[in-house]
Amino acid sequence: MNALLGNAFSDCETYGDDPPTEAYMKDFLAKDHVVALVAMAHGVVTGGLVSYELDKFEQARREFYIYDLAVDEKYRRQGIAISLINHLRDIAKRRGAWVIYVQADYGDDPAIALYEKLGIREDVLHFDIVIDP
């Protein structure tokens, strides 16, 4: 799935140059707050979604954040992304979440169109705060 995400986001360096060990991935995927979904066709990864479940402070509720979502270019416009999101919806509902949220980059019109079809758009700013300035 990392190779698919790297290709889809034109960021093969981040997703492929320093792959996590098998032990790291087993530990990561075993975490209760991590949901990783993969779509496959004929043994090929066609899409992937990584989401994190977040417990909220302001109310006794949780929400899910879709961190990564991509579909291989050859398989786009076949409902794979919607199927992955709908599967996450089922998981989120079972876990008592009240919302799933996702970000899209300006100019990523296909992603924006998909998310507008499924949810309510909020115009917000995103900031990356460097840990070691």
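In the predicted model, 4 strands form an open sheet of mixed pairing, in the order β1-β2-β3-β4, where two strands are taken to pair if DSSP finds at least two bridges between them. The edges are formed by β1 (34-41) and β4 (97-102), each of which pairs on one side only, and the twist averages 25° from one strand to the next. Strands (E, at least two residues) and helices (H or I, at least four residues) are DSSP runs, numbered from the N terminus. Because the model is predicted, local features need pLDDT of at least 70 and side-chain atom pairs count only at pLDDT 80 or more, whereas totals for chains, interfaces and linings use all residues. Residues are numbered from 1 along each chain as its sequence is written, and side-chain values use heavy atoms, with hydrogens and water left out.

Strands β1 and β2 pair in the antiparallel sense over 8 bridges, with valine 34 standing opposite tyrosine 52 in β2. These two strands form a hairpin with 2 residues between them, and histidine 42 in the turn has a positive phi of about 55°. The pairing of β2 (residues 44-55) with β3 (residues 62-71) is likewise antiparallel and extends over 9 bridges; here leucine 49 stands opposite leucine 69 in β3, and glycine 47 has valine 71 of β3 as its bridge partner. The hairpin formed by β2 and β3 has 6 residues between the strands.

Helix α4 lies across β1, β2, β3 and β4, and runs at about 160° to β3; axes are lines fitted to C-alpha atoms, for helices over the stretch in contact, and angles run from 0 to 180 degrees between N-to-C directions. The axes of α4 (residues 80-94) and α5 (residues 109-118) come within 11 Å and cross at roughly 40°. The two helices are therefore oblique to each other, a class left after angles under 35 degrees (roughly parallel), over 145 (roughly antiparallel) and 65 to 115 (roughly perpendicular) are set aside. In this contact (heavy atoms within 4.5 Å), Ala81, Ile82, Ile85 and Arg89 of α4 meet Leu114, Tyr115, Lys117 and Leu118 of α5. The contact residues divide into 6 nonpolar, no polar and 2 charged, with Ala, Val, Leu, Ile, Met, Phe, Trp, Tyr, Cys and Pro counted as nonpolar, Asp, Glu, Lys and Arg as charged, and the others, Gly among them, as polar.

The mean pLDDT (the predictor's confidence in each residue, from 0 to 100) of the protein chain is 91, and 100% of its residues reach 70 or more.
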